[in-house]
Amino acid sequence: MITLTIALRNIFRHKTRSLITLSTIIFGCTAIIFAGGFFEDVFYKMRESYIHSHTGHFQIFRKGYWEKGNSQPYNYLIDNPDEIISHLQAIPGIKFITSRLQFSGLISTGENTVSCIGMGIDPGYENQDIPAGANLRKMSDAMTLEGPVIIQGKALTKNNPYTVMLGKGLASSLGITAGDPLIILTHTTGGSINALDVTAQGIFMTSSKEYDDHFLRLSLVTAKKLLHTDSVQSLVIMLDKTEDTAGVKKALARVFQDKKLDLELKSWDEISDFYRHTVNLFNRLFLILKLVIAIIVILSIFNTMNMAVLERTDEIGTIMALGTKKRGVLSLFMHEGLGLGIIGGSFGVAIGTALTHCIARIGITMPPPPGASMPWVSEPRIVLTTVVFAFMTSILTALVSSLYPAYSASRLEIADCLRHK
Amino acid sequence: MSIVKLEKICKNYTLGKTTLNALKNIDLNVEQGEFIALAGPSGSGKTTALNIIGCIDKPSSGKVFIDECEISYLSSDGLADIRAGKIGFIFQNFNLLPVLNALENVEYPLLHKKMAFHKKRKLAQEALESVGLGKYARHRPMELSGGQQQRVAIARALSTSPLMILADEPTANLDHVTGTEILTLMKKMNLERKTTFIFSTHDQKVMEIADKVVRLWDGEISS
C-alpha cells in the first residue's frame, strides 16, 4: 500500500514533467481512438454502400457461375427463382430476397452509342426513390444505407416497364438528360440480337464511379423480355443487419443442404475484393500509426522515469538501507509507470471518446475516395475494442518504458546512492 | 553480548589505476547497549566502517558478525533482512522521503514487518511522540526544521526497535544547540531502551558524550 502511495505521490511531485508525460499518453490514446474511429467509419460506409448499391449481403448463383459465368453467363441462369426464394425467405434476419438479370450490350441515342452493362432489378425491392438533395451529409448517408441516389429524374416503377435509369457517367457519355429516348441493343440468351426502345427515367449515382460509368438499371420484366428468358442470373439477399452475415450464411447453407439446392452462395465480403483490400491496407496503416504512437509514448515515459531515477538516487539508497529489497525498488518504479499509464490512459479514453463524439457530430468533409466521384462526410465512430486497446496500450507502454529505469534503480549500490547528491 | 564484531576488515576502492585503502585491518567489538563514537577527520574511514557495520557495503576482506552471525556470505536479500530487522539508520542529511509525512516516514521501516496496519501505525505514532513530534505527524519533511527532521529520522530508526542504530555524523548539518538536543535525545533513547548507538563524528564536544570513542586515522584504528 505504501509503495502505491509513494509511487502516486512521486508522479505528482514534478507536476510539469508529469503533466508533459501524461499529455503524451493522453495524446497517444486519443489519437488511437480517433484514428480507429475514423478507419471504422471508412470501413462501415464503404461496406454498407457496396452492399446497398451493388452486392447485397449475399448473392446466389447456379453452381459453376462464379468460375465460368463471366464467359458463358447464360449457361448458368436460375430457372426457378420463386421456388428458391420460398425456401429461404423464412430465415430470421433476412429483409428481402430479389432477383437480378445482368447483360452487356450497347445503348444509343441514335447519334451516340456506347457499351454498357444492364442490370434487371425488381423496382419493388431495389429501387427506393432516394432524391439526391443538396446536403452532402444526407446524400452520403443515403448512399451508404439505402443504395443509389437519384440525381436527376425519377426512379423506376413497376407500372412503367420501358424505362431505364443510367449511371451518372454513362448518361454523361451519351450526353442525355432524364426523359430522353434511348435504344438498348444486346444478344438474347439464344444468341440472336434484340433491341428495345426505352426512356431514360432517371440518372443515379453510387459510391463507385466505375459502376456509374457503365451500368444502367431497368425493370427485371423488361430485361427478361430483352433477353428472351424467364430465368434470372442471381438472387440477391438483403439482411436487416450486416452483423448477421455469418449467422444467416450458416442458416442458408443448411437450407441448401436440406433442399439439395444446386446453388452457390457468395457473401458480400467474398464478392467485394476492393473492400477487402482496402480494409487490409487501412488496417496495416493503422498498425503503423499505433506503433509510432506507442514508440513516442514509450520514449516519453522512459525519459521521465530515467530522470526520476537520477534525481532520486539518494532516496533509493535510503529505502534500501531501511530494508527495502531490490525487487521492492523495482516494484516502486514499476508502480509509478503503471500509475502514469492508468492516469494517462483514463484521461486519454475520456478525451478521445469525447473528441471523437464531437467530431462525429460535426462531420469532416473528405475528398472522393479512389474509385468514387463524390466527396463524403466522415463521422468517426467510437469503437469499444479500439478504446480498450488504447487504454491497454497506455498501460502496457508505460510498463515497458518503466522496466529498464526500474531495473537500473534496483541494481544501484546503496553506498553509492547515499553518496549521490 | 557482542552485537557487532569486525575481524581484520579491509576496504579498498579502485580509482582508475590507483587503489585507495579506506580501511586497513580493522578489528572492532561492540557490546549491547553501548553508545560509541567513531571519531576521525574526513577521509579517515568512519563512514566506510559504518556502511560495513550497517550491511550496506561489503568489505574487501575480513569478517563481519552482526548479532553473532557472519554476514559475508549473505545475499543482498539476506542483508536487506538484517538491515530491516536489526539496524536503524540516521543520516547526516536526514534522508526522509519527501513525499511521505512524518508519521509515514517513521512507519516506512515497519513496512517490512509482518504485523497489522493499525499496529504499525500505533508503533510509528509512539516513536514519533517519543522524540516530541507527535503534533507534527502530518507534516511533510519540507515543512519541518532541520532539527525536527533529524528527530523524525531518529523516530524512524527506533520504530522497529532495532538491535543498534547507526548514525553518520547526525549533528553535522545542525546548529550547535539543535545538535546538542539531538545527541541528548539519542543518549536518552540509549539509556531508556538499551539500544546500541554507533555514530561517526569529528566534533570533540560530541565525542565527550560517548561511552567509548574509537578513533580512526587513515583507515586504521589509532586508539
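Author: Gladly! Let us begin with pairing: two strands pair if DSSP finds at least two bridges between them. By that rule, chain B has an open sheet of 4 strands in the order 2-1-4-5, with antiparallel pairing. Please keep in mind that this is a predicted model.

Reader: What makes strand 2 and strand 5 of chain B edge strands?

Author: Strand 2 (18-31) and strand 5 (69-70) each have a single partner strand, so one side of each is left without a neighbour in the sheet.

Reader: Which strands form the open sheet with mixed pairing in chain B?

Author: That sheet has 6 strands, in the order 6-7-8-3-9-10. Its edges are strand 6 (87-90) and strand 10 (220-221), each of which pairs on one side only. Within the sheet, strand 3 (residues 35-39) and strand 9 (residues 212-217) of chain B are parallel and share 4 bridges. One residue pair to find there is B:Ala37 with its bridge partner B:Val213 in strand 9.

Reader: What makes chain B as compact as a globular protein of its length?

Author: Chain B contains 7 helices and 10 strands. Its radius of gyration is 17 Å, and the globule rule gives 17 Å for 223 residues, so chain B is as compact as a globular protein of that length. Along the principal axes, its C-alpha trace spans about 50 × 40 × 40 Å. Of its 223 residues, 46% count as buried.

Reader: Which domains does chain A have, and where are their bounds?

Author: The domain assignment gives domain 1 (2-47 + 276-419) and domain 2 (64-261). Their centres, taken over C-alpha atoms, are separated by 50 Å. The contact between them takes 11 residues from domain 1 and 11 residues from domain 2. On the domain 1 side, helix 2 (15-55) and strand 12 (376-378) of chain A are the elements that give two or more residues. That side divides into 5 nonpolar, 4 polar and 2 charged residues.

Reader: What makes residues of helix 6 of chain A count as buried?

Author: The cut-off is 20 or more other C-beta atoms within 10 Å of a residue's own. In helix 6 (residues 136-145) of chain A, A:Met139, A:Ser140, A:Ala142, A:Met143 and A:Thr144 are buried, so each of them reaches that cut-off. Their cover includes helix 2, strand 4 (149-153) and strand 12 of chain A. Just after helix 6, A:Gly147 takes a positive phi of about 110 degrees.

Reader: Why is a set of residues called a nonpolar core?

Author: The set must consist of buried nonpolar residues joined through C-beta atoms within 7 Å. The largest such core has 107 residues, and B:Leu38, B:Leu128, B:Ala155, B:Leu166 and B:Ile198 touch the most other members. Helix 2 of chain A gives the largest share of this core, 10 residues. Apart from it lies another core of 56 residues, among them A:Ile97, A:Ala171, A:Ile184 and A:Phe215. In soluble globular proteins, nonpolar side chains tend to be buried together.

Reader: Which residues does B:Leu128 touch?

Author: Leaving aside residues up to four places away in sequence, B:Leu128 touches B:Ala102, B:Leu103, B:Val106, B:Leu133, B:Gly134, B:Ala137 and B:Ala155.

Reader: How many residues of chain B are in contact with chain A?

Author: There are 19 residues of chain B in contact with 16 residues of chain A. Helix 2 (residues 76-86) of chain B supplies the largest share of the chain B side, 5 residues. By class, that side has 10 nonpolar, 5 polar and 4 charged residues.

Terms used: Residues are numbered from 1 along each chain as its sequence is written. Chains are lettered from A and ligands numbered from 1 in the order in which they are written. This is a predicted model: local features need pLDDT of at least 70, side-chain atom pairs count only at pLDDT 80 or more; totals for chains, interfaces and linings use all residues. The radius of gyration is taken over C-alpha atoms; the globule rule is 2.2 Å times the number of residues to the power 0.38. A residue is buried if 20 or more other C-beta atoms lie within 10 Å of its own, exposed if 12 or fewer, and partly exposed in between; C-beta atoms are placed from the backbone. Domain bounds come from an automatic or database domain assignment. Two residues are in contact if their C-beta atoms, placed from the backbone, lie within 7 Å. Ala, Val, Leu, Ile, Met, Phe, Trp, Tyr, Cys and Pro count as nonpolar, Asp, Glu, Lys and Arg as charged, and the others, Gly among them, as polar.
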